[in-house]
Each structure stands twice: as C-alpha cells, then as structure tokens.
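These are my notebook entries on a single protein model.

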Amino acid sequence: MTTEKRRAPAGAAVLRDEITTAIRRALMQELAAVGYGRLSIEAVARRAGVSKTAVYRRWSSKLDLVLEMVAAAAHGKLPALDTGTLRGDLALLFQAVAHALRHPLASQIIPDLLAEAARNPSIDSTLRQVLHARQQEIGGRLVTRAVQRGELPADTELDAAIDLVVGPLYWRLAIARLPLTDGYLDNLVESVAAGLGADSVLPRPRAAPISG
C-alpha cells in the first residue's frame with residue numbers, strides 16, 4: 001500500500017504565517033506614521049514587502065485589518081495579577097500597562113484610533129467591546145480578590161471600582177500624554193487603593209536609637 005501526500009486544492013491560497021506576521025507589523029508601523037485616515041492597503045503591503053493580493057487574501061479592507069489589530073492588542077498577555085495584596089496587584093498591573101503604553105507605536109496609534117472612533121462607528125463599537133471586556137476581565141478579578149481577602153468592603157460596586165483601577169493610566173498616557181515616573185506610579189497605587197476604600201498602610205515604626 002502506498003501513501004501519498006495530500007496537496008492543497010489547485011488554486012487554493014496558502015496563507016503563510018510569516019507573511020501574516022509581516023503584514024501585521026507593517027500595519028502598526030504605517031498606522032503610527034500616517035494615522036488611520038491616510039492608511040492604505042497599498043502602503044501596508046509595500047512596507048511589508050508583499051503584494052496587495054497577499055493582504056486582501058487575509059483582510060477585505062483596511063478597516064478589517066485595523067479592527068483585528070485592536071482585538072489582538074486588547075487580548076495581549078499580562079502577568080498573573082495575584083500577589084496576595086491589593087496594592088501589590090495594583091502596582092504590578094500599573095507597571096505592565098505603563099510598559100505597554102510607553103511603546104512608541106502604541107503612544108502614537110492609541111490617540112489616533114480614539115479620535116477616529118468618534119467618526120467611525122465600526123471602530124467605536126470594536127473599541128468599546130474589546131476594551132470593556134478586557135477591563136472587566138482584568139479589573140474584575142483584581143477587585144473581586146481584594147473583596148474576598150477582606151481588603152475592600154463587601155458592598156464594593158464592581159463597575160465603578162474597575163473604572164477607578166483602569167482609568168487613570170489610560171487617561172495620562174493616551175489622552176493627556178504625560179510622562180510616567182516610578183514615583184507617580186507609587187502614588188497612583190495609594191490613591192486608587194484609598195479611593196476603593198482599602199485601609200491605609202500604616203507607617204513602619206522607626207527603630208529606636210542605639211544608646212551607647
């Protein structure tokens with residue numbers, strides 16, 4: 001008995017992973033360079049070093065391409081936020097988000113897409129859906145664990161708490177576009193924890209001076 005290798009049907013497009021990756025990278029770079037309004041499939045293909053056909057085999061329009069990028073970015077990996085304390089979880093979350101939003105491409109793309117969302121219902125709907133789902137997933141777990149540990153009141157209003165957790169960094173980096181410092185992040189942890197109703201951290205007592 002002989003075994004034959006299966007071949008793809010004649011005329012079928014084989015979507016190579018490395019080409020898909022190159023197109024996605026080119027999209028990020030082109031979007032950061034010119035914004036959504038001036039973005040074109042031709043320019044993305046040229047930057048990726050592929051034909052327009054290669055792009056259109058994967059996405060039917062620049063809108064589809066951008067919407068997929070938004071969804072993929074929203075579902076990017078974050079470290080496991082379970083340090084054992086609310087403040088530890090907040091500090092880890094803020095550091096991870098700040099690192100992602102400090103990326104030069106992200107700092108250029110996010111404000112442009114937020115502005116475009118006001119004009120484009122499809123982008124607006126996708127941003128709302130994927131970002132809201134991501135906020136609920138991350139912020140919801142963080143707040144719920146803090147309630148279960150007794151760090152936050154049992155009647156903590158989840159939606160308002162999530163807004164307080166995820167809002168400040170997005171505002172500072174994506175809207176106000178102000179720099180971040182370690183001191184600012186430390187203060188933000190304390191401000192958010194206090195705003196959520198967590199007990200304040202008592203200062204450590206100073207060691208008694210050694211008499212000699």
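**Entry 1: the whole chain.** I note at the outset that the model is predicted. I looked up the secondary structure and found nine helices and zero strands. Read from the N terminus, the order of elements is therefore α-α-α-α-α-α-α-α-α. Of the 212 residues in the protein, 35% are buried. I then looked up the contacts with a separation of 6 or more, and 66% of them join residues 24 or more positions apart. The exposed surface comes to about 13,400 Å², of which carbon and sulfur atoms supply 55%.

**Entry 2: helix H9.** I looked up the extent of H9 and found that it covers residues 182-196, which is 15 residues. From its first C-alpha to its last it reaches 21 Å, close to the 21 Å expected at 1.5 Å a residue. Which residues of H9 are buried? I recorded Leu 185, Leu 188, Val 189, Val 192, Ala 193 and Leu 196. Seen down the helix axis, these buried residues fall within an arc of 125 degrees, so they line one face of H9. An α-helix has 3.6 residues a turn, so residues three or four places apart point the same way. On the face turned away from the buried side, I found the exposed residues Asn 187, Ala 194 and Gly 195. The cover over the buried residues of H9 includes helix H5 (86-102) and helix H8 (158-175). Just after H9, Gly 197 takes a positive phi of about 100 degrees.

**Entry 3: Gly 139.** I located Gly 139 in helix H7, which spans residues 121-148. Its relative accessible area is 0%, so Gly 139 is buried. Gly 139 and Val 166 are 27 residues apart in sequence, and their C-alpha atoms are 7.0 Å apart in space.

**Entry 4: Thr 20.** I placed Thr 20 in helix H1, residues 17-38. Is Thr 20 buried or exposed? Its relative accessibility is 12%; because buried means under 20%, Thr 20 counts as buried. Leaving out residues up to four places away in sequence, I found that Thr 20 touches Arg 58 and Trp 59.

**Entry 5: rings and charges.** My search for aromatic pairs returned zero in the structure. I also looked up charges over rings. The charged end of Lys 62 sits over the ring of Tyr 36, 4.4 Å from the ring centre. The charged end of Arg 172 sits over the ring of Tyr 184, at 4.0 Å from its centre.

Terms used:
Residues numbered from 1 in each chain as written. Predicted model: local features only at pLDDT ≥ 70, side-chain atom pairs only at ≥ 80, totals over all residues. Heavy atoms only, no water. Helix = DSSP H or I, 4+ residues; strand = E, 2+ residues; numbered from the N terminus. Buried < 20%, exposed > 50% of the residue type's maximum accessible area, 1.4 Å probe, protein only. Contact = heavy atoms within 4.5 Å. Areas by Shrake-Rupley, 256 points an atom, 1.4 Å probe, with all protein chains shown as cover. Phe/Tyr/Trp six-rings, centres within 6.5 Å; stacked < 30°, edge-to-face > 60°. Lys NZ or Arg CZ within 6 Å of the ring centre and 35° of its normal. Expected span 1.5 Å × (residues − 1). Arc of directions from axis to C-beta.
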